[in-house]
Each structure stands twice: as C-alpha cells, then as structure tokens.
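Me: I would like to learn how to read disulfides and strand pairing from a set of coordinates. Could you take me through the general idea and then the case at hand?

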Amino acid sequence: QVQLVESGGGSVQAGGSLRLSCAASRYTYSTHCMAWFRQAPGKPREGVAFIDSALDTEYSYSVKGRFTISQDNAENTLYLQMDDLKPEDTAMYYCAANIGSLCPWSDYDYNTWSFVYWGQGTQVTVSS
C-alpha cells in the first residue's frame, strides 16, 4: 500500500506561483507513473501533468508552458511548480500514482488512465 500526501496549496492572485508537493510512502519497485489531477466544482476531473520513472513528462494543453512536474526520487516526493496562475486554475489538486509500471504514453487520452493510489487533495484558489 502506497500513501500519498499533498501539500502546498493556498490562495494567490493571478500571475502568482505555487509549488505543490506530494510525499509518497516508501515502495520497492523501481518504476512508476505519477500524475497531478485537478477538479473544480461542477467540472470533470482533469489530468494536468504526468511523469514516470524514465523522466518522460506530459502536460495538459491548459497548463503547458506554465506548470512543471518533477520528482525527487531520494525523497519519494512529486512536485508541481505552477507559475503564471490564472483564476481558471482554481481547483482541488490531487496526486496519483501507479507503482511498478511506466506511464502508458501510447494512450493519448491521459484523462482515462487508471491510477491505483490517490492523495487526499490540496486546494488551490487563484483570484483575479
């Protein structure tokens, strides 16, 4: 069982930055696929950024060029650096993980990827 704990959410003005963290409990597998999702009230869940242990990454069109996903394997921590934030970025942000496999990059519909482990979420609010 892998536990994920997000932190770093908060309230910022448009144009500001936040850095989200997701601390994962230790696991023995050398491969993984991890992601950040978000969900705003009344809207479907959206995959925002993806990374695997091969360091391949992908971003949703809405955040590409503004958000950066990264990981610290020594600390088992996933990050999401969010710059130039916009009011439409307001949402609950969740980290997700699959352990023991890389991301299925050949499936381009990233929002349909199934993740086994999820964090409890951290709220991001961007005011105009």
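**Disulfides and a paired strand**

Reply: Let us begin with C103, which has 6% relative accessibility and therefore counts as buried, bearing in mind that this is a predicted model. Its partner is C33, with the two sulfur atoms 2.1 Å apart, and the link is right-handed, with 95° about the S-S bond. Because C33 lies in strand β4 and C103 in the loop between β9 and β10, the pair ties together parts that are 70 residues apart in sequence.

Me: How many disulfides does a search of the whole structure find, and what pattern do they follow?

Reply: The search finds two, and, counting bonded cysteines along the chain, their pattern is 1-3, 2-4. C22 and C95 form a disulfide with their sulfur atoms 2.0 Å apart, and the torsion about its S-S bond is about 50°, so this disulfide is right-handed. Since C22 belongs to strand β3 and C95 to strand β9, the pair ties together parts 73 residues apart in sequence.

Me: Are C22 and C95 buried or exposed?

Reply: Both C22 and C95 are buried.

Me: How should I read strand β8, and which residue stands opposite R19 there?

Reply: In a regular strand the side chains alternate between the two faces of the sheet. Here, strand β8 covers residues 77–82, of which five of the six are buried. Six bridges join β3 to β8 in an antiparallel arrangement, with R19 opposite Q81, while six bridges also join β7 to β8, again antiparallel, and F67 has M82 as its bridge partner. The hairpin of β7 and β8 has four residues between the strands, and N76 takes a positive phi near 50°.

How values were computed. Residues are numbered from 1 along each chain as its sequence is written. This is a predicted model: local features need pLDDT of at least 70, side-chain atom pairs count only at pLDDT 80 or more; totals for chains, interfaces and linings use all residues. Side-chain values use heavy atoms; hydrogens and water are left out. Buried means under 20% relative accessible area, exposed over 50%, partly exposed in between (1.4 Å probe, protein chains only). Helices (H or I, at least four residues) and strands (E, at least two) are DSSP runs, numbered from the N terminus. Two strands pair if DSSP finds at least two bridges between them. A disulfide is a pair of cysteine sulfur atoms within 2.5 Å.
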